[in-house]
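My notes follow in the order I took them.

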Amino acid sequence: MSSVFAHTAIAVGIWRQRPLSWLVLIFITAFCWLPDMDYGLRWLFDYRPPYRWSHSIVFVTAIWGVFAIGLTFLTKYFKLGLPIKPILLLTLVAGYSHLFMDWIIGSSWGDPLLWPFDTTEYSSPFGILPSSPKFSQSNIHMYKNLAIEGGIIGPIAFTMIRKGKVPAWAWALMGLFFVPFFVWGVSLPR
Ligand SMILES: [Zn+2]
């Protein structure tokens with residue numbers, strides 16, 4: 001899994017591609033976080049699923065489908081005037097971005113992307129992002145992995161958020177961060 005910070009940074013980046021309203025940012029952020037709802041279930045009900053089924057393309061698409069029907073109905077019924085098509089496109093990209101970011105960690109366990117049709121746990125054969133370790137102030141791995149993740153995701157999110165032409169100084173700064181952290185991320189043992 002990637003950290004909540006990385007998923008949130010990418011959520012803002014996706015939203016900036018068509019900054020519609022704060023409400024749309026909330027929708028996009030919710031879909032960027034959606035697959036990690038199993039942590040919420042564990043925290044609330046001590047529910048530990050045998051498979052991380054919320055990290056499935058089928059599950060994310062199904063929830064998005066329900067959202068799409070609900071949004072379309074509410075927008076038409078209450079004449080909310082919401083731009084349905086871009087909202088649906090951005091939220092779908094948001095949901096899939098989470099699965100992609102977790103996949104690219106290349107961890108040894110992976111996620112059941114095709115659940116419930118297949119319980120195989122998929123993981124990228126090459127890892128780039130570090131996994132998000134247990135949050136604890138005394139966990140040194142947490143600081144290290146968050147730094148690597150920030151060095152990789154930060155420049156990508158910055159480019160997405162800034163939109164349009166990125167000035168030369170920003171490219172230089174991003175190169176300074178991105179390249180070493182990317183190399184560090186790839187070289188982590190998995
Ligand atoms: Zn996740």
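Before the angles, a reminder to myself: axes are lines fitted to C-alpha atoms, for helices over the stretch in contact, and angles run from 0 to 180 degrees between N-to-C directions. I also note that this is a predicted model.

**Entry 1: α2 against α5**

I started with helix α2, residues 22-33, and helix α5, residues 84-103. Their axes are 7 Å apart and the packing angle is about 30 degrees. Angles under 35 degrees count as roughly parallel, and α2 and α5 are therefore roughly parallel to each other. I put the crossing of α2 past α5 down as right-handed. From α2, the contact uses V24, F27, I28, F31 and C32. From α5, I listed I87, L90, T91, A94, G95, S97 and H98. Sorting the contact of α2 with α5 by class, I get eight nonpolar residues, four polar ones and no charged ones.

**Entry 2: the core around I28**

Next I asked which residues have the most contacts inside the largest nonpolar core. They are I10, A11, I14, I28 and A94, in a core of 28 residues.

I28 was worth a separate look. Leaving out residues up to four places away in sequence, I28 touches A11, I14, W15, L90, T91 and A94.

**Entry 3: T29**

T29 has 20 C-beta neighbours inside 10 Å, so I count T29 as buried. With residues up to four places away in sequence left out, T29 touches T8 and A11. I also took the C-alpha separation of T29 and G95: 8.9 Å, for residues 66 apart along the chain.

**Entry 4: α6 against α7**

The other helix pair I looked up is α6 (residues 140-162) with α7 (residues 168-187). Here the angle is about 135 degrees and the axes are 8 Å apart. Roughly antiparallel would need an angle over 145 degrees; α6 and α7 are therefore oblique to each other. I have α6 passing α7 in a left-handed crossing. On the α6 side, the contact is made by I148, G151, I152, G154, P155 and F158. On the α7 side I wrote down M174, F177, F178, F181, F182, W184 and G185. By class, that contact of α6 with α7 comes to ten nonpolar, three polar and no charged residues.

Which residues does a cis peptide bond join? I found W115 and P116, with omega at about 5 degrees. P116 sits in the loop between α5 and α6.

Then I went through positive phi values. D46 is not a glycine, yet its phi is positive, about 55 degrees. D46 is in the loop between α3 (37-45) and α4. I marked D46 as exposed because 7 other C-beta atoms lie within 10 Å, and the cut-off for exposed is 12 or fewer.

K79 is not a glycine either, and has a positive phi of about 50 degrees. Its place is the loop between α4 and α5. With 8 other C-beta atoms within 10 Å, K79 goes down as exposed.

Notes. Residues are numbered from 1 along each chain as its sequence is written. This is a predicted model: local features need pLDDT of at least 70, side-chain atom pairs count only at pLDDT 80 or more; totals for chains, interfaces and linings use all residues. Helices (H or I, at least four residues) and strands (E, at least two) are DSSP runs, numbered from the N terminus. Angles under 35 degrees count as roughly parallel, over 145 as roughly antiparallel, 65 to 115 as roughly perpendicular and the rest as oblique. A crossing is left-handed if the near helix is turned anticlockwise from the far one by less than a right angle, and right-handed if clockwise. Two residues are in contact if their C-beta atoms, placed from the backbone, lie within 7 Å. Ala, Val, Leu, Ile, Met, Phe, Trp, Tyr, Cys and Pro count as nonpolar, Asp, Glu, Lys and Arg as charged, and the others, Gly among them, as polar. A nonpolar core is a set of buried Ala, Val, Leu, Ile, Met, Phe, Trp, Tyr and Cys residues joined through C-beta atoms within 7 Å.
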